[in-house]
Amino acid sequence: MKENNKMGTAVVTGASSGLGAVFAERLAKRGYDLKLVARRKDRLDSLAEKLESNYGIKVTNLVADLGLDTDLEKVAEDLRNDKSITLLINNAGTSTLTSVTKTSVLKQKEMVNVNITALMLLSNAILPQFLEKNEGTLINIASVLGFYSLPISAVYSGTKGFVVQYTKGLQEEVKGTNIHVQLVNPATTATEIWEVGGIPLSALEQSTIMKTEDCVDAILAGLDKGELITHPSVNDQNLIDAYEDARLKLMQGSQTSQPAERYTKN
Ligand SMILES: NC(=O)C1=CN([C@@H]2O[C@H](COP(=O)(O)OP(=O)(O)OC[C@H]3O[C@@H](n4cnc5c(N)ncnc54)[C@H](OP(=O)(O)O)[C@@H]3O)[C@@H](O)[C@H]2O)C=CC1
Ligand SMILES: N[C@@H](C=O)C(=O)O
């Protein structure tokens, strides 16, 4: 095991399955020590054992329910005190895909707690040391459902919409520093979240489902290119640019003191 790993430590939330487990493997391969966060201890333990033995890196598991304030604060405190951290991937997420009236308040709150509150508070926890060192990388995993809502995704889309705008705000805050903040909007990927959300992968249009490994590799390729916004499955870069351009133009068009004519003329 290496002492004072020069890549530093990468924190991956939601590392017990799906994208998070693949992120952990890819980052271990790149030589990072790891701090892995999730509820399922057995999964984290076997992943840690495999990665330590395959890559000679150090893995620390933080078993925590990020939907609980007490657990979340413990993880945040750990991050605040660990000056070896160079990369945080806010990847943990949960979904329940049904209409709002059919989704229990508990499930709605769980989505808000994990997808929004945990991502925000862990970002809060790491940013001061990144600013102090003037370096560090933060990756926030949103979703294409962060800019699009389905009749079954009002709450989930709302939480991912938060991730999109929050992350864009952070990007503005760290402009001019060496801190890199990457916003990621994956589309359908073959992970457990679909079962968790109540829709088996078998019910989806198979040609739209990306392999988990392909998604993570695209995200890391986007990171290596220095991208601010990564859409792993969007082939046409013009679509991304046009969307960002329209967003900016709409904002600029809103900066008048007058009601729009369509509201004042008969
Ligand atoms: N798969 C897809 O189609 C897409 C996924 N995404 C996003 O990608 C991210 C990763 O999800 P994905 O890999 O797909 O799904 P998975 O269900 O495979 O992984 C979700 C991870 O989040 C962790 N997690 C969930 N709830 C909690 C909690 N309360 N406390 C701590 N950890 C928690 C899970 O661990 P554990 O259960 O052990 O706690 C698991 O490791 C999510 O943010 C998701 O919204 C975005 C777009 C598309
Ligand atoms: N994770 C998916 C829904 O549950 C998505 O973001 O598309």
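Predicted model: local features only at pLDDT ≥ 70, side-chain atom pairs only at ≥ 80, totals over all residues.
Let's start with the space itself. The largest pocket has a volume of about 970 Å³. Its lining is made up of 42 residues, and Gly93, Thr94, Ser95, Thr191 and Ile193 come closest to the centre. Helices H1, H4 (105-133), H5 and H6 each give two or more residues to this lining. H4 gives the most, with four residues.

By class, the lining of the largest pocket has 20 nonpolar, 15 polar and seven charged residues.

## Ligand 1

Around ligand 1 there are 30 residues, and the closest are Ser16, Arg39, Leu66, Tyr156 and Thr191. The shell around ligand 1 divides into 14 nonpolar, 11 polar and five charged residues.

Several polar contacts are worth a look on your screen. The side chain of Ser16 places an N or O atom 2.7 Å from an oxygen atom of ligand 1. At Asn91 the backbone takes part, with an N or O atom 2.8 Å from an oxygen atom of ligand 1. Lys160 brings a polar side-chain atom to 2.9 Å from an oxygen atom of ligand 1. Taken alone, ligand 1 exposes 870 Å², and the protein buries 97% of that. Helix H1 (18-29), helix H5 (154-173) and helix H6 (193-197) are the elements that give two or more residues to the shell around ligand 1.

## Ligand 2

Now for the second ligand. The residues surrounding ligand 2 are Ser95, Leu97, Ser143, Leu145, Tyr156, Ile193 and Trp194. In this shell, five residues are nonpolar, two are polar and none is charged.

For Ser143, a polar side-chain atom lies 2.6 Å from an oxygen atom of ligand 2. An N or O atom in the side chain of Tyr156 is 2.7 Å from an oxygen atom of ligand 2, and for Ser95 a polar side-chain atom lies at 3.0 Å from an oxygen atom of ligand 2. Taken alone, ligand 2 exposes 230 Å², of which the protein buries 91%.

Terms used. Residues numbered from 1 in each chain as written. Chains lettered and ligands numbered in written order. Heavy atoms only, no water. Near = heavy atom within 4 Å. Polar contact = N/O pair within 3.5 Å; in protein donor to acceptor, adjacent residues only side chain to side chain. Areas by Shrake-Rupley, 256 points an atom, 1.4 Å probe, with all protein chains shown as cover. Nonpolar A, V, L, I, M, F, W, Y, C, P; charged D, E, K, R; others polar. 1 Å grid on protein atoms, 1.4 Å probe; cavity = no way out; pocket = protein on both sides within 12 Å on 5 of 7 lines; lining within 4 Å. Points joined across faces, edges and corners; volume = space filled by probe spheres on them.
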